[in-house]
Amino acid sequence: MFSQVLASIENVIRDIITSLARNEAPAFTIDDRSSWENIKFEDSVGLQMVSHCTTRKIKSDSPKSVKNFALILKILSMIYKLVQSNTYTTKRDIYYTDSQLFGNQTVVDSIITDVSCMLKVPRRSLHILSTSKGLIAGNLRYIEEDGTKVYCSCTTAVAVPSNIQGIWNLITDAKFLLIVEKDATFQRLLDDNFCSRMSPCVIVTGKGVPDLNTRLLVKKLWDVFHVPIFTLVDADPHGIEIMCIYKYGSMSMSFEAHNLTVPAIRWLGLLPSDIKRLNIPKDALIPLTKRDQMKLDSILKRPYVTCQPFWRREMEIMANSKMKAEIQALTFLSSDYLSRVYLPNKLKFGGWI
C-alpha cells in the first residue's frame with residue numbers, strides 16, 4: 001500500500017507539472033460526492049460511488065478555490081513524507097502545523113477526505129489518524145498495534161482505538177453488539193449494570209454522528225464475529241440518520257463504503273410505534289420542527305428506504321404524528337425502564353426491524 005500511495009501522489013504532482021509546462025493552470029479533479037446522481041445503492045454494501053461519476057475541479061487560477069488548491073498541495077506533501085518515513089500523525093497535529101493558514105479543524109478534515117477520495121485509498125493508508133470520540137464496553141478484548149492488551153469491561157468504557165487496522169487477536173463471546181446513539185444513554189446503561197445483566201454482549205457509542213474509527217470498529221467486529229448488531233437511537237430524524245450512517249454509509253464517505261458499512265444492522269429502538277404501544281405520556285414527546293420534517297422527507301426519498309418497508313412505516317408514523325421522542329422519554333414510565341424492561345424484552349422477543 002505504501003508504494004501505491006506514493007505513486008498516486010507522484011502522478012498527481014506529475015499532472016500539475018505537465019499543466020505548468022503547457023502554460024495551463026493546474027487543477028485537482030475530485031469525484032463529486034454531494035449529488036445523489038453520483039451515488040448508487042446496493043443492498044449488500046450500502047451507498048457507494050457510481051463508476052462514471054461527475055467531478056468537480058479545484059483550480060489554481062480561480063480566486064474561489066486557489067486557497068483550497070494550495071492547502072491540498074500542502075497536505076499531499078505532508079502525507080508523502082509520512083508514508084515515506086512510515087510515521088503517523090493525527091488530523092489535529094496537521095491543523096496545528098499552521099493553524100492560521102488552515103483556519104479551523106473542519107477545513108483539514110474535509111481536505112483529508114477529499115485527498116483520500118482523489119487518490120482512491122482509505123484514509124488510514126495516508127498515515128493520518130484521528131483521536132477517537134467513540135467508547136466501547138462489554139465482553140471484548142484485543143491487542144493494539146504496539147502490543148498493548150486491552151480488556152473492555154461491563155462497568156467502565158474504553159476509548160475506541162485510533163488505529164483500527166492495527167488491532168488484532170480480538171476475542172469475544174458476545175451474543176450481540178448494541179450501538180447506542182448518545183453518550184448519556186450509553187453511560188446510563190453502564191450505571192444500570194445493563195452490560196453485566198445481559199452478558200455476554202458489547203455496547204458501543206459514537207457519541208452522536210459516528211467518527212470514522214467508531215464505524216471501522218463496528219465493521220471490524222461484524223467481519224470477525226458476525227454477531228447480531230442492533231441500534232438504539234432517538235425516535236427522531238437525526239437518530240434515524242445516524243443509524244443509516246452505520247448501516248448504509250454516508251454520501252461523503254461513499255467512495256469507501258466497502259470498509260465502513262454493515263447492512264445487517266437492525267433498528268431495535270426507540271421505534272415511533274413504541275411511543276403508542278408503551279403509552280409514553282404526551283408530555284414526554286416533542287413536536288417535529290420544520291428542519292426535522294425536511295430531514296425526514298429527505299430520508300424517505302433515499303434509495304435504501306424502498307427495500308426497508310418496516311422502516312418506512314415507522315417514519316410515516318412519525319411524519320403523521322408530527323412528534324418525536326428521545327430515548328430518555330422512557331424514564332417517564334420508570335427510571336430504569338430502558339435497561340430493566342425495554343431492552344431485555346426487545347432482545348428476548350425480537351422487537352427489532
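Contact here means that heavy atoms lie within 4.5 Å of each other. In this predicted model, Asn 213 touches, by that criterion and not counting residues up to four places away in sequence, Arg 123, Ser 130, Thr 131, Ser 132, Val 160, Pro 161, Ser 162 and Ile 164. Asn 213 lies in helix 8, and with a relative accessibility of 3% the residue counts as buried, because buried means under 20% relative accessible area. Between Asn 213 and Leu 347, which are 134 residues apart in sequence, the C-alpha to C-alpha separation is 26 Å.

## Annotated spans

Two domain features come from the UniProt record. An unreviewed entry lists "domain: Spo11/DNA topoisomerase VI subunit A N-terminal" at residues 67-128; over residues 67-128 the chain is 73% helix and 5% strand, and the end C-alpha atoms are 22 Å apart. For residues 176-347 the content is 49% helix and 12% strand, with the end C-alpha atoms lying 9 Å apart.

## Helix packing around helix 12

Two packed helices are described by the angle between their axes and the distance between the axes. Helix 12 (residues 290-300) and helix 13 (residues 309-321) have axes that come within 11 Å and cross at roughly 155 degrees. Angles over 145 degrees count as roughly antiparallel, and helix 12 and helix 13 are therefore roughly antiparallel to each other. The crossing in which helix 12 passes helix 13 is left-handed. On the side of helix 12 the contact is made by Leu 296, Ile 299 and Leu 300, and on the side of helix 13 by Arg 312, Met 315, Met 318 and Ala 319. Divided by class, the residues of this contact are six nonpolar, no polar and one charged.

Helix 12 also packs with helix 9 (residues 237-248), at an angle of about 35 degrees and with the axes 9 Å apart. The crossing of helix 9 and helix 12 is left-handed. Pro 237, Ile 240 and Glu 241 of helix 9 make this contact with Asp 292, Lys 295, Leu 296 and Ile 299 of helix 12. By class, the contact of helix 9 with helix 12 has four nonpolar, no polar and three charged residues. Leu 296 and Ile 299 of helix 12 are listed in the contact with helix 13 and in the contact with helix 9.

## Backbone geometry in the loops

Most residues other than glycine have a negative phi, and most peptide bonds are trans.

| Site | Feature | Angle |
|---|---|---|
| Ser 199 and Pro 200 | cis peptide bond | omega about 0 degrees |
| Gly 269 and Leu 270 | cis peptide bond | omega about -10 degrees |
| Lys 207 | positive phi | phi near 50 degrees |
| Lys 322 | positive phi | phi about 55 degrees |

Pro 200 is found in the loop between helix 7 (194-197) and strand 13 (202-205), while Leu 270 lies in the loop between strand 15 (266-269) and helix 11 (272-277). Lys 207 lies in the loop between strand 13 and helix 8 (212-225), and at 36% relative accessibility Lys 207 counts as partly exposed. Lys 322, which lies in the loop between helix 13 and strand 17, also counts as partly exposed, at 47% relative accessibility.

## A buried and an exposed loop residue

Ala 325 lies in the loop between strand 17 (323-324) and helix 14 (337-349), and at 1% relative accessibility Ala 325 counts as buried. Leaving aside neighbours within four places in sequence, Ala 325 is in contact with Asp 234, Ala 235, Asp 236, Leu 270, Ile 275 and Leu 285; among them, Leu 270 takes part in the cis peptide bond with Gly 269. The C-alpha atoms of Ala 325 and Pro 272 are separated by 7.8 Å, although the two residues are 53 residues apart along the chain.

Lys 120 has its place in the loop between helix 5 (105-119) and strand 6 (128-129), and at 55% relative accessibility Lys 120 counts as exposed. Not counting residues up to four places away in sequence, Lys 120 touches Gln 4 and Asp 31. Lys 120 and Ser 130 are 10 residues apart along the chain, and their C-alpha atoms are separated by 19 Å.

Note on methods
Residues numbered from 1 in each chain as written. Predicted model: local features only at pLDDT ≥ 70, side-chain atom pairs only at ≥ 80, totals over all residues. Heavy atoms only, no water. UniProt positions renumbered as here; feature names shortened; annotations may be inferred. Helix = DSSP H or I, 4+ residues; strand = E, 2+ residues; numbered from the N terminus. Axes fitted to C-alpha atoms, helices over the stretch in contact; angles between N-to-C directions. Parallel < 35°, antiparallel > 145°, perpendicular 65-115°, else oblique. Left-handed = near helix turned anticlockwise from the far one by under 90°. Nonpolar A, V, L, I, M, F, W, Y, C, P; charged D, E, K, R; others polar. Buried < 20%, exposed > 50% of the residue type's maximum accessible area, 1.4 Å probe, protein only.
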